[in-house]
Amino acid sequence: MSDHADRSGEPCADPEQVLALAHGFLRTPYRHQGSRAGVGCDCLGLVRGVWRGLFGAEPESVEPYGPDWYAHDRRERLLEAAERHLVGRSYRDPAPGDVVLFRFRAERPATHCGIAGVSGTLIHAYERSAVVVSVLPDAWRRRIAGIFAFPADPTS
């Protein structure tokens, strides 16, 4: 049982451990569908890599996806996967270590994710660059589609 819990009481992974794993990805080059620190990753790959650091095997395999998958698919793939495997948060302001999903157009599915850092920052894979720490501006906060925490034990 974890000492960390969602406001609902559901146990969550230690945010300091999540942040340490996410920081291990900093400066990893952006690579579409990648998920390996120091080698390459995209935004989903960052979350997948942190999951593996916490628990070992990923909870499900990820189907190949094109860089513009959201233009052709209106399903909420990211949001649905987060709801299956992560602990939903009941508030709009992410806490350090939370997984944050973004919807950049109201009529489109969530297409970007990252991990909330300290002092209002976001750790995420920046396309055509690398995994970086960015300020989480109000313009992005208004586009949050969901906030989740890693579970303390994914098998429970």
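Biologist: Which residue is the bridge partner of Ala125 in β9?

Modeller: In this predicted model, Ala125 has Val131 of β9 as its bridge partner. The strands β8 and β9 pair in the antiparallel sense, with 5 bridges between them.

Biologist: How many residues lie between the strands in the hairpin of β8 and β9?

Modeller: There are 5 residues between the two strands, and Arg128 takes a positive phi near 65 degrees in this hairpin. Arg128 is not a glycine, and its place is the loop between β8 and β9 (131-135).

Biologist: Is Arg128 buried or exposed?

Modeller: Arg128 has 78% relative accessibility and therefore counts as exposed.

Biologist: Which other non-glycine residue has a positive phi, of about 70 degrees?

Modeller: Gln33 has that value. Gln33 sits in the loop between α1 and β3 (35-36). Its relative accessibility is 32%, so Gln33 counts as partly exposed.

Biologist: Back to β8. How many of its 5 residues are buried?

Modeller: The count is 5 of the 5, so β8 is largely enclosed by the rest of the structure. Thr121, Ile123 and Ala125 point to one side of β8, while Leu122 and His124 point to the other, and all of them are buried.

Biologist: And what about β7 and β8, over how many bridges do they pair?

Modeller: β7 and β8 pair over 2 bridges, in the antiparallel sense. Ile115 has Ile123 of β8 as its bridge partner. The two strands form a hairpin with 4 residues between them, and Ser119 in the turn has a positive phi of about 55 degrees.

Biologist: What is the strand order in the open sheet?

Modeller: The sheet has 6 strands in the order β5-β10-β6-β7-β8-β9, and the pairing is antiparallel. β5 (87-88) and β9 are the edge strands; each has a single partner strand, so one side of each is left without a neighbour in the sheet.

Biologist: How many bridges join β6 and β10?

Modeller: β6 and β10 pair over 4 bridges, again in the antiparallel sense. Within this pair of strands, Val99 stands opposite Phe148 in β10.

Biologist: Which strands does α4 touch as it packs on the sheet?

Modeller: α4 touches β6, β7 and β10, and its direction makes about 25 degrees with that of β10. As for α1, that helix lies across β7 and β8 and runs at about 120 degrees to β7.

Biologist: Why is α2 described as largely enclosed?

Modeller: Of the 13 residues of α2, 10 are buried, so the helix is largely enclosed by the rest of the structure. The buried residues are Cys43, Leu44, Gly45, Leu46, Val47, Arg48, Gly49, Val50, Trp51 and Leu54.

Biologist: What span should α2 have at 1.5 Å a residue?

Modeller: The 13 residues should span 18 Å, and the end C-alpha atoms are 19 Å apart, which agrees.

Biologist: What caps the N-terminal end of α2?

Modeller: Asp42 is the cap, with a side-chain oxygen 3.3 Å from the backbone nitrogen of Leu44. Just after α2, Gly56 takes a positive phi of about 95 degrees.

Biologist: Finally, the whole chain: how many helices and strands are there?

Modeller: The chain has 5 helices and 10 strands. Of its 156 residues, 44% are buried. Among contacts between residues at least 6 apart in sequence, 58% join residues at least 24 apart.

Conventions
Residues numbered from 1 in each chain as written. Predicted model: local features only at pLDDT ≥ 70, side-chain atom pairs only at ≥ 80, totals over all residues. Heavy atoms only, no water. Buried < 20%, exposed > 50% of the residue type's maximum accessible area, 1.4 Å probe, protein only. Pairing = 2+ DSSP bridges. Contact = heavy atoms within 4.5 Å. Axes fitted to C-alpha atoms, helices over the stretch in contact; angles between N-to-C directions. Expected span 1.5 Å × (residues − 1). Polar contact = N/O pair within 3.5 Å; in protein donor to acceptor, adjacent residues only side chain to side chain.
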